[in-house]
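We will go stop by stop, with something to pick at each one.

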Amino acid sequence: MMSSSFLKKLVCAGLLLGLVLIPAACKPQRERPKMKIGFMNCNSAPETLQRFRPLTRYLSETLDIDFEAVPVDTQDFEERFAAGEFAFTHGNSLLYIILKENHNLQLIATEKRGQFGARTAGAIIARSDSGMKTLQDIKGKRMVFGPQLAPTGYLAQYNLMLDAGLDPERDLAYYAIPSGSYKHEKVIYAIYFGAYDVAAAPALDLEVMIETGKIDADDITILGQSPIIPYCTFGASDQVDPQLVERFRKALVELTPETTVDIDGEQVKVLKSAWIDGFEQLTDQDYDLIRSWAQRANMPPYQKF
């Protein structure tokens with residue numbers, strides 16, 4: 001039988017333990033800051049979210065911020081960024097220049113993918129059995145371009161033609177831009193199956209379609225290819241703390257193919273999910289060639305009416 005003095009000591013010890021634990025139990029958990037990343041739609045909003053959900057989760061865990069991925073149509077990107085809908089951006093290199101020139105976007109890092117790494121090119125292609133060998137052969141032909149704000153699906157090819165002494169507005173029979181999703185694939189299939197004579201194909205899409213067996217390389221002839229320019233790019237609003245921008249950049253360039261995050265109970269590889277090989281830190285001057293192309297082609301952000 002326990003003595004009364006022992007019981008008193010036990011009660012006192014319990015009270016003391018309670019005084020220690022109760023404040024800890026009542027202490028509110030700290031909520032992480034919330035920020036949004038605008039991801040340019042490549043093919044569709046659902047596909048964009050699926051691709052970049054693991055990368056967004058990785059950034060949240062690494063930077064201790066609750067990031068939300070926001071899919072954004074390319075044509076709406078500048079307006080929604082200017083309205084403050086998201087502080088971080090992921091889009092093509094022409095979008096980076098537009099936001100840099102008009103809204104002082106901070107450059108973070110450029111993604112790497114394919115044979116040219118953090119850079120890519122645009123090509124003008126035709127079927128191998130078309131008889132066309134040079135850019136001069138496309139005079140009077142039917143051409144299909146990619147989206148107008150695509151640096152290697154429209155702008156690069158427009159300048160290739162100007163360099164060759166061709167006026168895209170006068171020297172073609174006509175040209176068109178496909179609607180809907182998967183525009184770059186549609187462009188390549190359009191000449192592959194004979195709907196058009198020549199096409200403005202991003203070199204990376206051509207590379208991927210050949211690697212995956214969607215088209216046969218022997219069936220395609222490249223009439224001209226542009227110099228390489230920076231690929232898709234992460235940026236940040238000038239309102240974001242530069243120290244956070246630097247941490248964001250560090251988190252991206254330190255990603256490896258083995259980096260995983262937990263998605264619905266499954267360990268998912270971040271880069272593989274996003275179709276990215278890695279990230280590289282370029283300089284703003286690396287984008288100057290695109291600026292010169294946009295000025296020459298009267299394209300945003302330099303267009304004059």
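Which helix gives the largest share of the lining of the largest pocket? Select helix 7 (203-211): four residues of that lining come from helix 7, the largest share.

A word before going on. This is a predicted model, in which local features need pLDDT of at least 70 and side-chain atom pairs count only at pLDDT 80 or more, while totals for chains, interfaces and linings use all residues. Residues are numbered from 1 along each chain as its sequence is written, and side-chain values use heavy atoms, with hydrogens and water left out. Helices (H or I, at least four residues) and strands (E, at least two) are DSSP runs numbered from the N terminus.

**Stop 1: the largest pocket**

Select Asn-41, Cys-42, Asn-43, His-184 and Asp-205, which lie nearest the centre of the largest pocket among its 41 lining residues. A pocket here is an open set of points on a 1 Å grid over the protein atoms alone, with protein on both sides within 12 Å along at least five of seven lines; lining residues have an atom within 4 Å of a point. The space in this pocket is about 940 Å³, a volume being the space filled by probe spheres set on the points, which are joined across faces, edges and corners. Colour the lining by class and you get 18 nonpolar, 15 polar and eight charged residues. In this scheme Ala, Val, Leu, Ile, Met, Phe, Trp, Tyr, Cys and Pro count as nonpolar, Asp, Glu, Lys and Arg as charged, and the others, Gly among them, as polar.

**Stop 2**

Next, show the open sheet with order 8-7-9-6-10 and mixed pairing; two strands pair if DSSP finds at least two bridges between them. Strand 8 (174-176) and strand 10 (220-225) are the edges, each with a single partner strand, so one side of each has no neighbour in the sheet. Within it, strand 6 (residues 122-127) and strand 9 (residues 198-202) pair in the antiparallel sense over five bridges, and Gly-122 has Pro-202 as its bridge partner in strand 9. Bring helix 7 back: it lies across strand 6, strand 9 and strand 10, at about 90° to strand 9. Angles run from 0 to 180 degrees between N-to-C directions, with axes fitted to C-alpha atoms, for helices over the stretch in contact; contact means heavy atoms within 4.5 Å.

**Stop 2: the six-stranded sheet**

Now select the open sheet of six strands, ordered 2-1-3-12-4-15, again with mixed pairing. Strand 3 (residues 88-91) pairs with strand 12 (residues 233-236) in the antiparallel sense over four bridges, and Thr-89 has Gly-235 as its bridge partner in strand 12.

**Stop 3: a cavity**

A cavity is a set of points where a 1.4 Å probe fits but cannot get out.

**Stop 4: two helices**

Finally, select helix 4 (residues 93-103) and helix 10 (residues 288-296), packed at about 85° with axes 10 Å apart. That makes the two roughly perpendicular, the word for angles of 65 to 115 degrees. Show Ser-93, Leu-94, Tyr-96, Ile-97, Lys-100 and Glu-101 in helix 4 against Ile-290, Arg-291 and Ala-294 in helix 10.

How values were computed
Angles under 35 degrees count as roughly parallel, over 145 as roughly antiparallel, 65 to 115 as roughly perpendicular and the rest as oblique.
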